[in-house]
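The structure comes first, and the notes follow by topic.

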Amino acid sequence: MGSSILPDLGAEILIPVCAVIGIVFSLVQWLLVSKVKLSPGRDSGSPGNNGAGGKSGYSDYLIEEEEGLNDHNVVIKCAEIQTAISEGATSFLFTEYQYVGIFMVAFAILIFLFLGSVEGFSTKSQPCTYDKSKMCKPALATAIFSTVSFLLGAVTSVVSGFLGMKIATYANARTTLEARKGVGKAFITAFRSGAVMGFLLAANGLLVLYIAINLFKLYYGDDWGGLFEAITGYGLGGSSMALFGRVGGGIYTKAADVGADLVGKVERNIPEDDPRNPAVIADNVGDNVGDIAGMGSDLFGSYAESSCAALVVASISSFGINHELTPMLYPLIISSVGIIVCLITTLFATDFFEIKAVKEIEPSLKRQLIISTVLMTIGIGIVSWVALPSSFTIFNFGDQKAVKNWQLFLCVAVGLWAGLIIGFVTEYYTSNAYCPVQDVADSCRTGAATNVIFGLALGYKSCIIPIFAIAMSIFVSFSFAAMYGIAVAALGMLSTIATGLAIDAYGPISDNAGGIAEMAGMSHRIRERTDALDAAGNTTAAIGKGFAIGSAALVSLALFGAFVSRAAISTVDVLTPKVFIGLLVGAMLPYWFSAMTMKSVGSAALKMVEEVRRQFNTIPGLMEGTAKPDYATCVKISTDASIKEMIPPGALVMLTPLIVGIFFGVETLSGVLAGSLVSGVQIAISASNTGGAWDNAKKYIEAGASEHARTLGPKGSEPHKAAVIGDTIGDPLKDTSGPSLNILIKLMAVESL
C-alpha cells in the first residue's frame with residue numbers, strides 16, 4: 001500500500017495555516033478598500049494623493065469638475081445613499097435570520113430525535129455499520145454530534161453571507177467615487193471587496209470544518225466512520241441556511257427590481273436608479289441581499305457538502321480503516337491549496353496588470369478564471385503526489401476498489417476543468433460581446449414577443465455543452481474512483497472558490513456603484529464607466545451561477561452515492577414501479593419549486609408597483625424632483641413579502657425527503673433524488689442563462705457601443721422597451737428560481753443521507 005510522503009503533522013499544520021493566510025489576506029484587501037475616504041476631506045487632500053491638500057490636489061485626479069456640482073456635495077450624497085442601502089440590507093438580514101433561527105432550532109431538534117431514536121436513545125456501544133466485529137460509539141452520540149455540526153454549519157453559512165453583505169455595502173459608494181479617477185481604479189476597488197468576501201468565506205469554511213473534526217476526534221478516537229458521519233451535519237446546516245438566504249433574498253431583490261422597472265422605466269420614462277423612484281433603495285438593497293448574501297451561503301453550502309461527502313466515503317475506505325490521517329484529509333488539503341492559488345491569482349488582477357480601458361474589464365475577469373484553473377491543476381498534482389499513498393482502495397457499493405494516486409488527481413482535475421468549460425459557455429451565451437445576445441437584442445425590433453421567444457431558445461440551447469461537461473466529469477471520475485471520485489471532482493470545481501466568489505461579488509458591487517452614481521447626480525461620463533463595470537459584472541454573475549449549478553450537480557450525485565451506499569442499496573432499478581414513480585415525482589419537484597418562487601416574485605412585485613404608483617400620484621412635486629419619495633415603505637414591502645413567501649418553498653424542499661422516506665421507503669426516495677437532480681440541473685442552467693441574456697441584451701441596446709446597437713435606438717425607443725420587458729421577465733428566472741434550484745438538488749440529497 002505504501003504511505004503518503006507528507007507526514008500527518010504536516011497536514012495538521014498546512015490546513016489551518018492556509019486558512020489563516022486566507023483570512024489575513026482578506027483583511028489586507030479590506031484595509032486597501034477602506035483607504036478610499038467617504039468623508040469629504042478639504043484639508044487632508046483628496047483620496048489618492050494624501051496630504052497634497054487644497055484645491056490643487058484635486059485637479060490631477062478628477063476628470064473635470066462635476067458640471068456645476070461641487071465635489072464636496074457629491075461625496076456627502078454618496079455616503080448618505082450608501083448608509084441607506086447598508087441599513088436596509090442589515091435590517092432585512094436580521095429579520096430574516098430571526099425567522100431562520102427559529103427554523104434552525106426546530107430542525108436541529110428534529111435531527112436529534114430522528115438520529116437518536118434509531119437505537120431508542122441507547123448509550124451503549126453498538127457494532128459498527130461496516131465492520132460488525134468492532135464496537136462503535138452509541139447512536140445517542142452520533143445524534144448529539146450531528147446536531148452540533150448542523151448548527152455549526154448553519155451559523156458559519158449565515159455569518160459568511162452577512163459578512164459578504166457588509167463588505168459589499170461598504171464598498172459600493174467607494175467604487176463610485178473611484179470611478180471619477182478612471183475605470184481601472186473603480187475596477188480594483190470593486191474587485192478587492194469581492195476578494196474580501198471570497199477569501200473570508202473559503203478560509204472560514206475550511207477552518208471551522210477542520211476545528212470541528214479535531215474536536216470530535218477527542219471523543220470518537222479511532223471510530224472514524226462514526227466521526228465523519230456526524231460531520232455530514234455541517235453540510236446540511238450550510239445548505240439549509242443557504243436555501244432561505246437564496247429564496248428570501250431572491251424574492252426581495254426581484255420584487256423591488258421589477259416594481260422599480262415597470263413603473264419607472266416603462267410608465268414614467270425616467271432612467272434606471274433615478275432618485276425620484278421610490279423603489280430604488282429597495283432595489284439596491286436587494287442586489288446585496290440576494291446576490292451577495294445568498295450566493296455566499298450557497299457556494300459555502302456546496303463547498304461544505306462536497307467536503308463532507310468525500311470524507312464520509314473516505315472514512316470507510318482504506319484511509320479510514322488504516323487510520324491514515326493525511327490521505328483522509330485530502331479533500332481539506334485541496335481546499336487549502338486552493339486558497340493559496342486564488343491568492344496568487346487575485347494579485348494578477350489587482351497588482352500585476354492595471355486596467356486602462358473599458359474593453360479590458362471582461363478579459364481581465366476571464367483571465368482570473370484561466371490563471372486560477374491552470375495554477376490549481378499544478379497544485380492538485382503536487383498534493384496528490386505528496387498527500388496520497390501510491391495505491392489505495394476506495395469503498396464502492398460493498399466492495400473495495402483499488403485506485404492509484406494519479407487516477408485521483410485526474411478526478412479532481414476533470415472537475416476543475418469542467419467548471420472552467422461551464423464558466424466559458426455561460427459567458428458565451430450571456431455576454432453582449434458575442435452573437436447569441438446580439439441576436440436576442442436584434443429580435444427586439446419586432447417587439448417583446450420575439451425577444452421572449454429568442455431568449456427562451458437561447459436558454460434551452462445553453463444547456464447542451466454544460467451538461468456534456470458534467471456528464472464527462474462524472475464518467476471519468478466514477479470509473480476511476482467510484483463515488484469518492486465524484487465527490488473530489490465536485491471539490492475540484494469548487495477549489496478555486498475564492499476567485500469564483502470574488503468575480504461573483506464584483507457584479508452586485510459595481511451594479512450598486514452605478515445606482516449610487518445615478519442617484520448622486522454624477523456626470524454622464526462616470527455613469528458610463530460604472531455601466532461598463534456593471535455589464536461585465538452581469539456576465540460574471542452568470543458565470544458564478546454556472547459554477548454553482550455544475551458543482552451542485554456533482555455534489556448531489558456524490559451525496560446520492562453516499563446515501564445509496566449508506567442505505568445498502570447496491571443498484572437502483574428503474575424498472576421497479578416504486579423507483580419509477582419516484583423518478584417522475586422527483587423530476588416534477590423543480591417545476592413545483594420554480595412555480596412557487598416565480599409566483600412569489602410576481603405577487604410581491606404587484607404590491608410594489610401599486611405602492612410606487614401611489615407615491616407618484618399622491619406626493620406633489622415628486623416627478624419634478626422637489627419632494628422626496630418615501631423609500632422606507634418600499635423597503636418594508638419587499639422585506640415582508642420575502643419573509644412570508646420564503647417559507648412554503650423551503651418547507652417543500654425540507655419535508656419531501658422525510659415524507660417520501662417514511663411512507664414509501666428508501667427505493668422510492670432514491671428515485672425522487674435522481675429525478676430531481678436530472679430535471680433540476682436543466683431548468684437551473686436554462687433559467688439563469690435566459691435571464692442573463694435578456695439583461696445584457698437590454699444593456700447592449702442602452703450602451704449603443706456598436707453600429708448595430710445604435711440602430712436599435714437610444715433608451716426609450718420601441719426596441720429598447722421590448723428589451724426592458726424581456727429583462728423584467730428574466731429577473732425572477734435568473735435571480736430567484738434558477739439559483740435556488742441548485743440548493744434544492746443538494747439539500748434533498750444531503751438530508752436523505
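How many cavities of 30 Å³ or more does the structure hold? The structure holds eleven of them. The model is predicted, with local features needing pLDDT of at least 70 and side-chain atom pairs counting only at pLDDT 80 or more, while totals for chains, interfaces and linings use all residues. Residues are numbered from 1 along each chain as its sequence is written, and side-chain values use heavy atoms, leaving out hydrogens and water.

**Terms for voids and elements**

- On a 1 Å grid over the protein atoms alone, a cavity is a set of points where a 1.4 Å probe fits but cannot get out; a pocket is an open set with protein on both sides within 12 Å along at least five of seven lines; lining residues have an atom within 4 Å of a point.
- Grid points are joined across faces, edges and corners, and a volume is the space filled by probe spheres set on the points.
- Helices (H or I, at least four residues) are DSSP runs numbered from the N terminus.

**Largest cavity**

- The volume of the largest cavity is about 310 Å³.
- Its lining has 27 residues, and those nearest the centre are Asp287, Asp511, Asn538, Asp695 and Lys734.
- At least two lining residues come from each of α6, α7 (280-315), α16 (497-519), α17 (524-566), α20 (647-703) and α22 (718-752), and α17 gives the most, with six residues.
- The lining has 18 charged residues, six polar and three nonpolar (Ala, Val, Leu, Ile, Met, Phe, Trp, Tyr, Cys and Pro count as nonpolar, Asp, Glu, Lys and Arg as charged, and the others, Gly among them, as polar).

**Second largest cavity**

- The second largest cavity has about 90 Å³ of volume.
- Residues lining this cavity include Met295, Leu299, Leu369, Met493, Asp504 and Phe547.
- α7, α15 (464-494), α16 and α17 each contribute at least two lining residues; the largest share, four residues, is from α16.
- By class, eight lining residues are nonpolar, three polar and one charged.

**Second largest pocket**

- The second largest pocket has a volume of about 1,000 Å³.
- It is lined by 34 residues, with Val358, Ala532, Ala535, Ala703 and Ala705 closest to its centre.
- Two or more lining residues come from each of α11 (361-387), α16, α17 and α20, and α17 gives the largest share, ten residues.
- The pocket lining divides into 17 charged, 13 nonpolar and four polar residues.

**Helix α6 against α18**

- Helix α6 (residues 224-267) packs on helix α18 (residues 577-618) at about 40 degrees, with the axes 8 Å apart (axes are lines fitted to C-alpha atoms, for helices over the stretch in contact, and angles run from 0 to 180 degrees between N-to-C directions).
- That angle makes α6 oblique to α18 (under 35 degrees counts as roughly parallel, over 145 as roughly antiparallel, 65 to 115 as roughly perpendicular and the rest as oblique).
- The contact has 16 nonpolar, three polar and three charged residues.

**Helix α12 against α13**

- Helix α12 (residues 405-430) and helix α13 (residues 435-442) pack at about 25 degrees, with axes 5 Å apart, so α12 is roughly parallel to α13.
- Tyr428, Tyr429 and Thr430 of α12 meet Cys435, Pro436 and Val437 of α13.
- Five of these contact residues are nonpolar, one is polar and none is charged.

Key
Contact = heavy atoms within 4.5 Å.
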